[in-house]
Amino acid sequence: MQHSTQGIVLTTTRYKDNAYIVNIFTKDFGKVSYAVYNPQSKRAKIKLQHLQPMSLLDMEVTHRENKDIQQLTEAKLHPLSYQLYEHPAKISICFFLAEVIQKSIETTNVDHELYQFMVHSLETLVQSKEVQAFPLAFLLDFAKYIGIYPYDEVENEVIRLLPKEEKELFSVLLKEPQLLGLGERRRSMQLLIAYYKHYLPGMGEMKSLSVLTELFSA
């Protein structure tokens with residue numbers, strides 16, 4: 001059945017010479033894998049350059065019961081994403097966000113609140129003039145939606161086992177992140193990634209983390 005919906009691209013992988021599998025977190029269907037054919041063609045309704053990480057798409061899709069891979073038949077890039085494409089640092093952040101989301105969400109369940117959070121995050125990123133602290137803020141807020149936020153840091157099984165200095169840094173991160181300096185932001189990022197990996201062992205190595213190195217060195 002054909003549907004109109006909206007979604008945010010997470011990953012795009014070639015699986016044949018003329019076809020790609022695109023993982024998209026959609027507004028109406030949750031996380032879905034779509035087949036896209038001939039996106040490099042000049043006549044293609046779906047352009048390969050529009051399938052970048054965290055691209056916001058208005059889509060026409062086909063959904064059939066009990067199919068692992070659905071079909072994306074038409075997609076238009078939302079104006080919000082055009083604004084992100086103009087900023088290299090923000091593009092690097094999008095690669096990081098997409099990898100975190102892809103590795104954190106396994107189910108295909110519909111989650112309107114999580115979807116709206118993702119869209120709001122993109123809107124905030126577009127409007128942000130200083131983006132160095134954005135990845136940290138995203139990780140903290142995203143943790144609330146996937147059920148791993150440390151609401152009780154004293155009893156949290158990860159934080160209470162940290163050395164005193166790191167425990168104090170984590171406390172500042174949770175309560176007053178605006179006070180963190182450059183070096184503290186870098187260390188806080190390492191702490192948060194380790195925290196995520198504790199609860200989500202499937203995250204493995206974060207390949208996109210290296211692309212933020214220059215951003216955090218600025």
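This is a predicted model: local features need pLDDT of at least 70, side-chain atom pairs count only at pLDDT 80 or more; totals for chains, interfaces and linings use all residues.
In the hairpin formed by β4 and β5, 6 residues sit between the two strands, and one of the details to look for here is Asn66, which takes a positive phi near 65°.

The largest nonpolar core has 51 residues, and the members that touch the most others are Met54, Phe96, Phe142 and Tyr196. At least two residues of this core come from each of β1 (2–16), α1 (79–84), α2 (88–104), α3 (112–127), α4 (134–145), α5 (164–175) and α6 (182–199). Helix α3 gives the most, with 8 residues. There is also a second, separate core of 14 residues, with Ile24, Met59, Leu72 and Ala75 among them. As a general point, nonpolar side chains in soluble globular proteins tend to be buried together.

Setting aside neighbours within four places in sequence, Tyr196 is in contact with Val100, Ser104, Leu139, Phe142, Ala143, Ile146, Ile148 and Met203. Phe142, then, turns up both in this contact list and among the core members that touch the most others.

Lys197 belongs to helix α6. With a relative accessible area of 33%, Lys197 falls between the 20% and 50% limits, so this residue counts as partly exposed. Beyond its neighbours within four places in sequence, Lys197 is in contact with Met203, Gly204, Glu205 and Met206; Met203 is likewise in contact with Tyr196. Lys197 and Ser104 are 93 residues apart along the chain, yet their C-alpha atoms are separated by 9.5 Å.

Glu113 itself has a relative accessibility of 61%, which is over the 50% limit, so Glu113 counts as exposed. Glu113 and Glu165 are 52 residues apart in sequence, and their C-alpha atoms lie 35 Å apart in space.

Methods: Residues are numbered from 1 along each chain as its sequence is written. Side-chain values use heavy atoms; hydrogens and water are left out. A nonpolar core is a set of buried Ala, Val, Leu, Ile, Met, Phe, Trp, Tyr and Cys residues joined through side-chain atoms within 4.5 Å. Buried means under 20% relative accessible area, exposed over 50%, partly exposed in between (1.4 Å probe, protein chains only). Helices (H or I, at least four residues) and strands (E, at least two) are DSSP runs, numbered from the N terminus. Contact means heavy atoms within 4.5 Å. Two strands pair if DSSP finds at least two bridges between them.
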